[in-house]
Structure formats: C-alpha cells, structure tokens
Amino acid sequence: MIKVSVTILTYNQKEFIGKAIESALSQKTNFDVEILVGDDCSTDGAQETILAYQEKYPDKVKAVLHSKNLGQNGLFNTIETLKLAKGTYIAPMDGDDYWTDDQKLQRQVDFMEAHPDFSACFHNALITYEDGTPSHELNSPDQKEVITAADLVGEDEILFMATS
C-alpha cells in the first residue's frame with residue numbers, strides 16, 4: 001500500500017526537473033512512496049527527462065504527460081495529477097524545487113500518524129535564487145507552531161507555507 005504520493009508539478013523546467021525527481025527518489029522511508037510527475041505539455045525537453053526517470057525507476061516514477069497545455073497557471077495539471085495519487089498522504093513539490101533532507105517524508109508521516117487530529121504539516125523552506133542572490137528562510141523565527149483555519153483566511157493572512 002502506498003503511504004505517500006509525491007506530486008511534482010512542472011512546465012518548461014527541464015533545467016531543474018531532474019534534481020526535483022532525484023530528491024524525491026532519495027527519501028529514506030519505512031513505507032512505499034510513488035512519484036507522480038505532472039508535466040503541462042513542456043516544450044523545452046522536460047518531458048524527455050521525465051520519461052527517462054520513469055524508464056529507469058518504473059516502480060517509483062510515473063510520468064503524467066498532457067498532449068496540450070491545460071492552462072490556468074497549472075491548476076488543471078495539478079488536478080489531473082492528484083486524481084492519480086494512491087497515497088494516504090500527498091507531498092507536493094514544484095518542478096524547480098528540491099528537498100535537502102532525505103528524512104523529510106519519514107518525519108512528516110511520523111508526525112501525521114502521531115497526531116491524527118491534524119490535517120496537514122509543513123516546515124520551513126530555504127529560498128535560493130538562480131542569480132546567486134543570498135538565500136533566506138521563508139518563515140521567520142517567531143512562526144506559530146500550530147496553524148488554524150482562522151490563520152489561513154482573512155485580512156491578516158501571510159505567506160508562511162512553502163508549497164514544496
């Protein structure tokens with residue numbers, strides 16, 4: 001039984017998609033993981049890279065390729081990829097991101113299993129720019145430890161949860 005479905009969503013990110021997939025493949029877990037790579041009809045050769053990973057890791061990586069760009073800033077690519085997910089949990093990642101900790105999924109699943117009253121968990125992210133601009137963490141040191149529904153809506157909501 002698949003415990004986690006990693007959904008990597010991409011469009012024209014050939015330069016980055018291999019590192020994203022590799023970081024998902026490098027996860028050390030005591031459960032099964034599938035990696036669904038949803039590509040919204042890239043024209044830069046990203047699909048060939050994705051297919052090469054599917055061929056090399058057919059039991060782990062599944063290419064979700066579309067014959068035309070579904071549009072809406074990736075919304076429909078996301079929906080179509082999520083429809084195929086078999087995991088109890090979903091771990092989303094953008095095609096130009098990567099995970100730096102090979103225990104990420106194990107720790108998050110352990111947390112969720114120990115806290116069935118929670119519906120999600122996340123962690124800080126390090127923002128690194130292509131041009132060499134110094135990187136920084138997304139969340140401030142005073143980030144709340146527990147986020148409620150009230151924190152997600154209203155006039156005071158802020159960007160605090162990295163999508164990857």
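A residue counts as buried when its relative accessible area is under 20%. Threonine 10 has a relative accessibility of 2%, so it counts as buried. The model is predicted. The protein has 5 helices and 6 strands, and 34% of its 164 residues count as buried.

**Overall fold**

- Read from the N terminus, the order of elements is β-α-β-α-β-α-β-α-β-β-α.
- The radius of gyration is 16 Å, close to the 15 Å that the globule rule gives for 164 residues, so the protein is as compact as a globular protein of that length.
- The C-alpha trace spans about 45 × 40 × 30 Å along its principal axes.
- Take the contacts in the protein with a separation of 6 or more: 70% of them come from residues 24 or more positions apart.

**Helix pair H1 and H2**

- H1 covers residues 14-25 and H2 covers residues 46-56.
- Their axes come within 8 Å and cross at roughly 25 degrees.
- Angles under 35 degrees count as roughly parallel. H1 and H2 are therefore roughly parallel to each other.
- The crossing of H1 and H2 is right-handed.
- H1 contributes Lys14, Ile17, Gly18, Ile21, Glu22 and Leu25 to the contact. H2 contributes Ala46, Thr49, Ile50 and Tyr53.
- By class, the residues of this contact are 6 nonpolar, 2 polar and 2 charged.

**Threonine 10**

- Threonine 10 sits in strand S1, which runs over residues 2-10.

**Asparagines with positive phi**

- Most residues other than glycine have a negative phi.
- Asparagine 12 has a positive phi of about 50 degrees, although it is not a glycine.
- Asparagine 12 is in the loop between S1 and H1. Its relative accessibility is 28%, so asparagine 12 counts as partly exposed.
- Asparagine 73 also has a positive phi, near 55 degrees, and is a residue other than glycine.
- Asparagine 73 lies in the loop between strand S3 (61-65) and helix H3 (75-82).
- The cut-off for exposed is over 50%. Asparagine 73 has a relative accessible area of 85%, so it is exposed.

**Serine 42**

- Leaving aside neighbours within four places in sequence, serine 42 is in contact with Tyr11, Asn12, Gln13 and Gln47.
- One of these partners is Asn12, the asparagine with a positive phi of about 50 degrees.
- Serine 42 and serine 67 are 25 residues apart in sequence. Their C-alpha atoms are 9.5 Å apart in space.

Definitions and conventions
Residues are numbered from 1 along each chain as its sequence is written. This is a predicted model: local features need pLDDT of at least 70, side-chain atom pairs count only at pLDDT 80 or more; totals for chains, interfaces and linings use all residues. Side-chain values use heavy atoms; hydrogens and water are left out. Axes are lines fitted to C-alpha atoms, for helices over the stretch in contact, and angles run from 0 to 180 degrees between N-to-C directions. Helices (H or I, at least four residues) and strands (E, at least two) are DSSP runs, numbered from the N terminus. Angles under 35 degrees count as roughly parallel, over 145 as roughly antiparallel, 65 to 115 as roughly perpendicular and the rest as oblique. A crossing is left-handed if the near helix is turned anticlockwise from the far one by less than a right angle, and right-handed if clockwise. Contact means heavy atoms within 4.5 Å. Ala, Val, Leu, Ile, Met, Phe, Trp, Tyr, Cys and Pro count as nonpolar, Asp, Glu, Lys and Arg as charged, and the others, Gly among them, as polar. The radius of gyration is taken over C-alpha atoms; the globule rule is 2.2 Å times the number of residues to the power 0.38. Buried means under 20% relative accessible area, exposed over 50%, partly exposed in between (1.4 Å probe, protein chains only).
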